[in-house]
Amino acid sequence: MRIAIVGAGLLGVASAYYLAKEGHEVLVVDRQSAPARETSFANASLLTPNHSFSWAAPGAPWLLLKSLWQADSGLKLKPHMNGQLLDWGMRFLRNCTPGRYRANSLAKTRLCFYSMAETDRVTRETGIDWQRGTKGVLYLFRDRHELELNDQSLALLREVGAAIKPISWDEVVALEPGLAHIRSKFVGAMHGTSDEVGDARRFTEGLAEVCKERGVTFRLSTVIDGLAMNGDRVTALKTASGEIKADAFVLAAGSYSPQLAREAGLHLPIYPVKGYSITAPVGDPEQAPRTGGLDEGTLVAFARLGDRVRMTSVAEVGGYDTGHRPENFAKILATGRELFRDGIALDRAEYWACLRPATPDGPPYIGPTPVRNLWLNTGHGYLGWTMCCGSARLLVDQMSGRQAELDTRLYRYGRY
């Protein structure tokens, strides 16, 4: 079967890899000039199944409201209004109940752990070097009440295998010697022992090369103008250079998936949540981070990638703008200096902003749609790297008519 995939990011390329293994003729189409040039380009570089809570939590509406007057809030609502946001926001609020939060967080966590095993499998099969770090991820707390609440919340994730535990500051320093100087700022720490760090862009680029070796074709720098339809089927992707025909189509276009889904008569409730990142060289190796972590007080994440450090922050609900200004990175830079002093050469940082495709409840959309030959692998929010390979495996199992290892109803289109 000839299958066209829209999107050459993590999810699109992973889908291509699994479909090619099944013997299909696969074509990947993307408007960018190379794979992994949007959300997968410079993300947080953390694979965190032990921290896979749904954003739609009981306290989230109050946090978003406070963000309107708190400039340094980690979760921000940037004032604007349109029909897509209003629809998404109402669905988000309906999922901020304790029961929905529990169900959605468990669905995400199950997929994350399943995907980590698949990522390991793909890495061993392909030999891709993605600067993988397997010493776990640290979660650092500046407020005792937040630490206690977090530990209570983690009891939920431990029901489905979360491996995260409180550790002493001596144990923190054993993992991250550069943090020895700042112990007085923190009241405690957790260690996600099965969490990992690694460069999503390198993984995607490496997997794309493997895909090419297995016969996958990439049509890059190709803007899709719409979908050609015949009844309840897609017949082709419309482009300026002509139609791209296929037997089946996979929509893995991240935050831009709703626009194309609309062409097929589908309402796909995904909204972009903007995040900011910097990538800087290691400065003093003795002070630099060695693995990955999250400062829960500032909501700034860090990850060591070879001779570079990635730092990220902010979840901003503000539309499709990917621009950025120096002040958007102030909290990241301040946290980097506070935690690691001269360990990161922040004066040589590269700056980036991207859009994370968020569903209103948390789990992504993976599987069939009412359009008979249109499939989804999109809406993974801030966990696309963690969920990547598992999502692709679930998709291809469904496309092949096999019984999947997870309950695919948790990730289906139109689930509520």
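View A. The model shown is predicted: local features require pLDDT of at least 70 and side-chain atom pairs pLDDT 80 or more, whereas totals for chains, interfaces and linings use all residues. Residues are numbered from 1 along each chain as its sequence is written, and side-chain values use heavy atoms, with hydrogens and water left out. Helices (H or I, at least four residues) and strands (E, at least two) are DSSP runs, numbered from the N terminus. Two strands are said to pair if DSSP finds at least two bridges between them. Strand E5 (residues 137-141) and E7 pair in the antiparallel sense over five bridges. Strand E6 (residues 164-167) also runs antiparallel to E7, to which four bridges join it. Here Ile164 stands opposite Gly192 in E7.

**View B. The residues of strand E7 point in two directions.** A residue is called buried under 20% relative accessible area, exposed over 50% and partly exposed in between, with a 1.4 Å probe and protein chains only. Gly188, Met190 and Gly192 point one way from E7, while Ala189 and His191 point the other way. Why is strand E7 described as largely enclosed by the rest of the structure? Five of the five residues of E7 (residues 188-192) are buried, so the strand is described in this way.

**View C. Strands E10, E11 and E12 are joined by hairpins.** Strand E10 (residues 224-230) and strand E11 (residues 233-239) pair in the antiparallel sense over six bridges. One of the facing pairs consists of Met229 and Val234, the latter in E11. Two residues lie between the strands of this hairpin, in which Gly231 takes a positive phi near 65°. A hairpin of two residues also joins E11 to E12. E11 and strand E12 (residues 242-245) run antiparallel and are joined by four bridges. Lys238 has Glu243 in E12 as its bridge partner.

**View D. Six strands form an open sheet.** The strands follow the order E9-E2-E1-E13-E20-E19, and their pairing is mixed. Strand E9 (217-219) and strand E19 (365-368) are the edge strands, each pairing on one side only. From one strand to the next, the twist averages 20°; the axes are lines fitted to C-alpha atoms, for helices over the stretch in contact, and angles run from 0 to 180 degrees between N-to-C directions. Within the sheet, E13 and strand E20 (residues 374-378) pair in the parallel sense over three bridges. Val250 stands opposite Trp375 in E20.

View E. A pair of aromatic rings is described by the distance of the centres and the angle of the planes. Rings of Phe, Tyr and Trp (its six-membered ring) pair if their centres lie within 6.5 Å; planes under 30 degrees apart count as stacked, over 60 as edge-to-face and the rest as tilted. Trp88 and Tyr271 form a tilted pair, 6.1 Å centre to centre with 35° between the planes. This pair links distant parts of the chain, 183 residues apart: Trp88 is in helix H3 (residues 83-94) and Tyr271 in strand E14 (residues 271-281). Trp88 is buried at a relative accessible area of 6%, and Tyr271 is buried at 1%. Phe302 and Phe340 form an edge-to-face pair, 5.0 Å centre to centre with 75° between the planes. These partners are 38 residues apart, Phe302 in strand E16 (residues 300-305) and Phe340 in helix H9 (residues 330-340). Phe302 has a relative accessible area of 0% and is buried, and Phe340 is likewise buried at 0%.

**View F. The charged end of Arg31 sits over the ring of Tyr256.** The rule requires NZ of Lys or CZ of Arg within 6 Å of the ring centre and within 35 degrees of the ring normal. For Arg31, the distance to the ring centre of Tyr256 is 4.3 Å. Lys212 has its charged end over the ring of Phe218, 5.6 Å from the centre.

**View G. Ile5 and Phe203 have the most contacts inside the largest nonpolar core.** In soluble globular proteins, nonpolar side chains tend to be buried together. A nonpolar core is a set of buried Ala, Val, Leu, Ile, Met, Phe, Trp, Tyr and Cys residues joined through side-chain atoms within 4.5 Å. The largest has 49 residues. Elements that each supply at least two residues of this core include strand E1 (2-6), helix H4 (98-126) and helix H10 (384-399). Leaving aside neighbours within four places in sequence, Phe203 is in contact (heavy atoms within 4.5 Å) with Leu10, Val122, Thr123, Ile128, Trp130, Trp385, Cys388 and Cys389. A second, separate core of 28 residues includes Leu179, Ala189, Tyr276 and Met311.
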